[in-house]
Amino acid sequence: MEYVSEVLKGSPLAVARMITWLENEDERARPFMEEIYPHTGKAYIIGITGSPGTGKSTLTDGLTWQMRKKNLTVGIIAVDPSSPFTGGALLGDRIRMTRHSEDPGVFMRSMATRGFLGGLAQFTQGATKILDASGKDMIIIETVGVGQDEVDIMRVADTTCVVLVPGLGDVIQSMKAGIMEIADIYVINKADLPGADQLYTEVMYRVEQDAQMKNRKWLPPVIKTVAVEGKGEVDLFNAIMAHRKYLEESGELTEKRRERTRQETLKMLHYELFRIIRQRLDKDHRIDLMVGAIMEHKISPYKIVEKVVNEWLPSRDS
Amino acid sequence: MAEKKIKIIVAKPGLDGHDRGAKLLSRIFAEAGMEVVYTGLRQTPEMIVEAAVQEDADVVGLSSLSGVHNYFFPRVVELLREKKLDNVLVVGGGIIPEDDIPALKKAGVAEIFGPGTPTDEIVAFIKANVRPK
């Protein structure tokens with residue numbers, strides 16, 4: 001199969017295969033990513049994040065429905081955690097989105113984190129590029145729902161939605177660092193449960209505080225939804241489109257994407273450089289010898305690092 | 001190259017509502033190191049195969065307790081072949097009469113695992129017969 005042209009035509013088989021190659025760090029992926037890169041940059045990327053059980057998958061399903069009504073094509077990446085003990089994963093997000101399974105305008109892929117932290121899989125960003133190049137108008141990334149620390153989504157998405165549900169902790173929780181700082185839109189799902197109004201008030205209060213403390217031009221709206229009943233979907237869709245309009249008109253979208261490109265490039269460089277150095281250190285058990293010497297206090301780890309770096313970068317500017 | 005994981009779809013075609021077995025097997029496969037996409041109840045063969053395409057699944061595991069296997073299992077194999085996914089391993093389980101097994105195998109189902117099959121046997125079969133990456 002001529003994979004590149006097939007991906008550009010939107011062939012699900014080709015898209016799926018390329019994502020697999022990327023995930024497995026198959027050497028076939030690199031030349032293909034190179035060729036599709038010029039065709040990226042058109043899709044709008046939305047992140048859906050929040051603790052487990054907040055209804056992210058159901059919301060993604062509803063959002064997809066609204067997008068399809070407007071004839072927008074959708075790519076979905078749903079990330080779930082791999083077990084640190086067995087290496088396996090139960091990818092259970094697809095089950096919430098079966099109504100789209102035969103719609104050729106929707107492509108959904110589940111990805112396991114494979115030990116990667118931060119809420120996404122290592123190659124989620126790469127997979128997003130493949131979906132982008134395949135012609136999807138919108139891409140929704142649903143993160144692993146672990147909570148405070150999973151902020152990687154903000155580096156990948158244009159609009160980040162943080163999903164909360166009533167009864168999952170008091171107002172102090174909502175003030176903590178991390179997940180509450182990255183929201184472009186807040187979603188209060190399961191808004192039919194007791195405590196929804198109180199949570200709404202608390203989040204609105206926090207939004208107002210942020211407006212006073214920081215110089216934010218975009219005030220995150222707080223949207224109430226009951227995802228299992230489809231309530232609030234339209235409001236959420238409209239809020240995302242409003243954020244998009246704001247980003248495009250203010251020029252912030254370009255800046256966001258510039259920062260994203262910077263982070264991604266640095267990360268890729270870091271990964272590749274270390275991979276090569278690691279390979280060399282593993283050769284002839286050089287690293288084991290080094291560790292042995294460190295353990296015997298014959299040399300310090302700081303000295304070892306200096307030596308290795310000087311080998312690789314002999315003429316360094318100070 | 002990074003370590004390759006086996007990607008398996010676990011699906012229940014038809015109207016069968018008893019999913020304990022399928023859910024248990026999903027967990028067992030995950031604990032054996034596989035990446036399991038559990039698609040849930042009331043799947044049509046078309047939905048199952050579309051999931052297999054998008055997830056680039058290596059294996060499709062079908063569970064039927066309500067007697068629909070003779071239609072649904074071969075239909076899934078047929079649709080996979082139409083999509084040129086001949087090398088996807090299809091296995092089945094649930095309540096499948098012994099007499100039906102030869103025809104199912106002839107239709108392309110690699111193996112049928114009845115109730116009481118030791119689960120490590122199922123895992124071993126999959127690992128031994130899955131397509132190379």
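The largest pocket has a volume of about 1,600 Å³. This is a predicted model, where local features need pLDDT of at least 70, side-chain atom pairs count only at pLDDT 80 or more, and totals for chains, interfaces and linings use all residues. Residues are numbered from 1 along each chain as its sequence is written, chains are lettered from A in the order in which they are written, and side-chain values use heavy atoms, with hydrogens and water left out.

What is a pocket here? On a 1 Å grid over the protein atoms alone, it is an open set of points where a 1.4 Å probe fits, with protein on both sides within 12 Å along at least five of seven lines. Lining residues have an atom within 4 Å of a point. The volume is the space filled by probe spheres set on the points.

So who lines this pocket? The lining has 46 residues, and A:L22, A:F123, A:G126, A:E264 and A:M268 are the closest to the centre. Helix 10 of chain A gives the most, 16 residues. Helices are DSSP runs of H or I, at least four residues; strands are runs of E, at least two. By class, the lining has 18 nonpolar, 11 polar and 17 charged residues. Asp, Glu, Lys and Arg count as charged; Ala, Val, Leu, Ile, Met, Phe, Trp, Tyr, Cys and Pro as nonpolar; the others as polar.

Next, the cores. A nonpolar core joins buried Ala, Val, Leu, Ile, Met, Phe, Trp, Tyr and Cys residues through side-chain atoms within 4.5 Å. Buried means under 20% relative accessible area, with a 1.4 Å probe and protein chains only. The largest core has 44 residues, and A:I36, A:I130, A:Y186 and A:V203 touch the most other members. Helix 2 of chain A brings the largest share of this core, 7 residues. A second, separate core has 29 residues, including A:V106 and A:Y246.

Is A:T128 buried or exposed? At 4% relative accessibility, A:T128 counts as buried. A:T128 sits in helix 5 of chain A. Contact means heavy atoms within 4.5 Å. Leaving aside neighbours within four places in sequence, A:T128 is in contact with A:I45, A:I77, A:I139, A:I141 and A:V156.

Last, chain B. Chain B has 5 helices and 5 strands. From the N terminus on, they run β-α-β-α-β-α-β-α-β-α. Of its 133 residues, 57% count as buried. The C-alpha trace of chain B spans about 45 × 30 × 25 Å along its principal axes.

Notes. Buried < 20%, exposed > 50% of the residue type's maximum accessible area, 1.4 Å probe, protein only.
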